[in-house]
Amino acid sequence: MAEQVQAILERMVAPLRDLRDRGIFSEDEIRSIVERRRQSEYLLQKRAALKADFLRYIEQEILLERLRKLRKQKVMQEYGEKMRKGRGDDDEGDTIKNQDSKTHAYQTSGPGDAHIVSNIHFLYQRLLKKFHYPLDVILNYADFAKEHKSFHVMSRVYAEGLQHHPREEGLWIQAASFEFFGYVAQDDEKNESTKVVGSSIQNARVLMQRGLRINGKTSQELWLQYFALELHYVMKLQGRKEILEMGASIDRNNALQDNTEESNDDAMTKISDTILLPCRIIYKNAIESIPNSVIFRLRFVEYCRMFPHTVELERYVIDSIERDFGDSVEAWVARISFVEEKMKTRGKKRTLGDEGESGIETVGFLVMSSNTTSHEEPVAKRARMNMEDAALKLLNQALDAVPSSKMYLECARYLQIRIQRLINSQVGRGVDEEQPEDISYLMCENETTYLAVKRHANLLKGLYARAEKNGVYSTDLTLDQVDFLVSSNEIDNADKLLGHVIANRDQKARLYIRWAKLSRQMEEKSLVPSQSPTLILRKGLDATPIFHRNSYLLIATELMKQLMTQERSPKVTNDLKSIFQKLLLTSQSLPMRPSVIRGENEVNSNLPETFLAYLTYTIPRKKCSVADNEAVRSIYNDVIFNSNNGKLCLGKTDQETSAMKSFFDACLHFENVVAAVDPCCNKRESKKKKKQRLSRLYRAAINYFASGTGDAFLRNLVDNYLRHFDKVKYCF
């Protein structure tokens with residue numbers, strides 16, 4: 001071992017001497033570097049060497065390389081100042097110039113400059129061979145090689161990594177991305193001889209195709225990235241062509257200025273029709289490998305919309321979705337979205353065409369405009385919009401083809417998005433204040449924004465009525481209709497709708513909770529609801545079977561919160577105790593992380609938050625009595641010591657963990673500050689019992705949070721409770 005370490009250190013003598021002679025490191029610093037490297041090398045030469053030792057050694061060398069760069073800059077600045085001073089005195093300057101001309105090249109560069117980077121490469125290679133090419137080390141090594149422009153090493157790293165990890169699709173994508181995009185020199189690297197490294201579409205294609213041969217049947221991401229790679233290459237070719245033929249392109253645009261919009265669209269798409277053929281082939285092969293995924297095909301649509309002049313390609317993808325997934329809701333949604341994007345693009349082109357194209361110049365896939373587009377004549381733009389709404393027509397076709405609750409819900413949300421866009425434009429809340437969103441394609445000829453909103457609202461009402469007529473129902477659709485009625489200031493109709501649905505069709509927990517919240521809103525607005533929130537939740541609790549535990553708990557927690565907002569009375573107190581005991585009993589057999597309620601898309605009840613609210617409600621606001629002590633202690637004893645809620649933190653959500661921490665803190669604060677002194681005990685006995693209660697609570701809190709996943713937050717909580725527990729043990 002010692003001979004191997006000594007041999008490695010002896011190879012470092014010449015570079016380190018060079019760094020010392022050039023003034024970058026001092027004699028003591030060189031000695032310290034050698035000693036640190038000797039210790040690290042002994043750790044690496046052990047039979048059971050650790051991966052962490054390699055990584056620590058590499059990190060130290062990276063920091064040393066950064067220091068070397070800074071020191072070299074300092075040395076070069078001092079040398080430059082010395083040369084400038086030498087030019088001031090002719091005789092002395094000639095002497096300094098003759099002396100420094102021989103050593104100038106030696107001072108600016110030497111074998112020590114590349115020594116540290118070479119040592120890091122050596123360490124990475126030893127690490128890869130020692131631990132059989134772990135993926136995280138391969139990625140870190142590739143990043144290091146790219147940062148220090150070791151591109152040949154970088155290519156070798158990717159090749160070796162793919163040999164050992166052929167199933168890692170991210171590694172194939174990263175390697176192909178490097179081969180295509182390469183490395184472009186920055187502005188501060190003008191002296192470098194090579195400005196671009198890589199940029200080989202052939203190598204990138206080879207890597208992607210090899211990756212697809214191995215993972216093509218399972219990897220959607222590889223197909224999508226290969227598709228995006230070809231689109232990048234198409235845009236690169238098109239931009240290069242338009243830059244070279246800029247003059248001819250401008251003349252052609254002036255000659256075609258008077259043509260119609262359709263002819264302009266055809267001319268635009270014809271440019272890319274042939275060149276996009278590889279993308280079509282990739283898409284065709286992709287859907288043959290993965291034929292049954294609508295979401296997979298929709299992602300191709302998203303990628304098309306990231307690039308200009310891909311309308312025909314996007315239409316090709318949409319047509320395949322329509323052909324193969326005629327009864328799929330996602331497919332119809334994609335088709336409607338495609339048609340609306342088309343309408344929106346046409347509206348923008350029409351607006352730009354009327355304002356003139358003299359200030360617009362297209363270079364590649366970028367559009368540069370010297371004139372800003374005016375948005376001060378919305379009436380003129382609306383007058384130009386005289387066309388049938390193809391998106392709404394397709395929406396009706398979707399409802400006829402797939403009359404399901406999911407389809408009605410998606411169409412309703414689509415109309416709501418349209419209404420929101422119109423409202424935002426009317427009140428001046430567009431996405432971009434400097435360039436408001438163009439919503440002219442949503443309006444008919446001579447139609448104001450208010451009338452357009454009203455028309456879309458009537459369409460939405462007709463859609464809900466159509467669903468009711470056809471017997472199409474779902475809980476989500478009903479809640480969506482309720483939200484629409486509330487936003488339209490028809491809160492009475494929303495109240496009647498929920499009452500009718502619960503009485504005749506559905507009794508799910510979400511409907512009762514939404515009805516109770518709606519009833520509470522009506523009371524706040526001085527309106528008269530059909531039923532009070534408390535009565536609604538009581539009916540929901542009675543109608544929900546107790547074996548539907550999640551639903552039962554959700555309604556019970558809402559009922560407890562509602563009762564705690566009412567005036568205190570013996571009846572309310574007894575009801576709260578009864579519901580609290582039901583919550584404890586029902587939550588005993590819940591799994592650690594309950595699923596959502598039997599297919600319903602709703603969140604679970606946060607029991608610790610409800611327990612905390614009930615504990616806070618029970619603690620008196622004024623002076624505490626002995627009876628109050630027993631009531632509060634009964635609550636936290638049942639929660640912490642007599643149920644599963646205070647046993648394990650494992651499986652709890654962040655909200656539940658935070659609420660449980662607040663519950664423990666409230667219990668500790670009560671015993672420390674609020675709790676009344678028992679008159680039957682003397683002072684010494686009272687202190688002893690107080691210490692016992694606090695110690696018991698601290699032990700429970702420590703055990704609870706120590707049973708978690710062990711992250712930093714939980715560890716800090718445990719340490720904090722331990723410190724306070726030590727104070728309690730010795731302060732009484």
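**Ground rules**

I number residues from 1 along each chain as its sequence is written, and I use heavy atoms for side-chain values, leaving out hydrogens and water. Because the model is predicted, local features need pLDDT of at least 70 and side-chain atom pairs count only at pLDDT 80 or more, while totals for chains, interfaces and linings use all residues.

**Entry 1: helix H24 and Ser519**

I started with Ser519, which lies in helix H24, residues 509-524. Helices here are DSSP runs (H or I, at least four residues), numbered from the N terminus. H24 has 16 residues. From first C-alpha to last it reaches 23 Å, close to the 22 Å expected at 1.5 Å a residue. I took the expected span as 1.5 Å times one less than the number of residues.

Is Ser519 buried or exposed? Ser519 is buried, with a relative accessible area of 0%. Buried means under 20% relative accessible area, exposed over 50%, partly exposed in between (1.4 Å probe, protein chains only). Other buried residues of H24 include Leu511, Trp515, Leu518 and Met522.

I then listed what Ser519 touches. Leaving out residues up to four places away in sequence, I found Pro529, Gln531, Ser532, Pro533 and Ile536. Contact means heavy atoms within 4.5 Å. I also checked Asp495, 24 residues from Ser519 along the chain; their C-alpha atoms are separated by 7.4 Å.

What covers the buried residues of H24? The cover includes helices H22 (475-487), H23 (491-504), H25 (533-543) and H26 (549-563). After H24 comes Ser526, and its phi is positive, near 60°.

**Entry 2: helix H16**

H16 spans residues 311-324 and has 14 residues. Its end-to-end C-alpha reach is 20 Å, close to the 20 Å expected. I noted Leu313, Glu314, Val317, Ile318, Ser320 and Ile321 as buried. Down the axis of H16 the buried residues fall within an arc of 155°, so they line one face of the helix. The arc is taken from the directions from the helix axis to the C-beta atoms. An α-helix has 3.6 residues a turn, so residues three or four places apart point the same way.

**Entry 3: aromatic pairs**

I searched the whole structure and got 20 aromatic pairs. Rings of Phe, Tyr and Trp (its six-membered ring) pair if their centres lie within 6.5 Å; planes under 30 degrees apart are stacked, over 60 edge-to-face, and the rest tilted.

Phe151 and Phe178 are stacked, 6.3 Å centre to centre with 15° between the planes. Phe151 is in H8 (residues 151-164) and Phe178 in H9 (residues 169-181), 27 residues apart. Both Phe151 and Phe178 are buried.

The rings of Phe580 and Tyr614 have centres 5.0 Å apart and planes at 45°, so this pair is tilted. The pair joins H27 (residues 570-586) to H28 (residues 607-618). Phe580 and Tyr614 are both buried.

**Entry 4: around Phe664**

Phe664 belongs to one aromatic cluster with Tyr698, Tyr704, Phe705, Tyr721 and Phe725. Beyond its neighbours within four places in sequence, Phe664 contacts residues including Ile640, Leu697 and Ala700.

Key
Helices (H or I, at least four residues) and strands (E, at least two) are DSSP runs, numbered from the N terminus.
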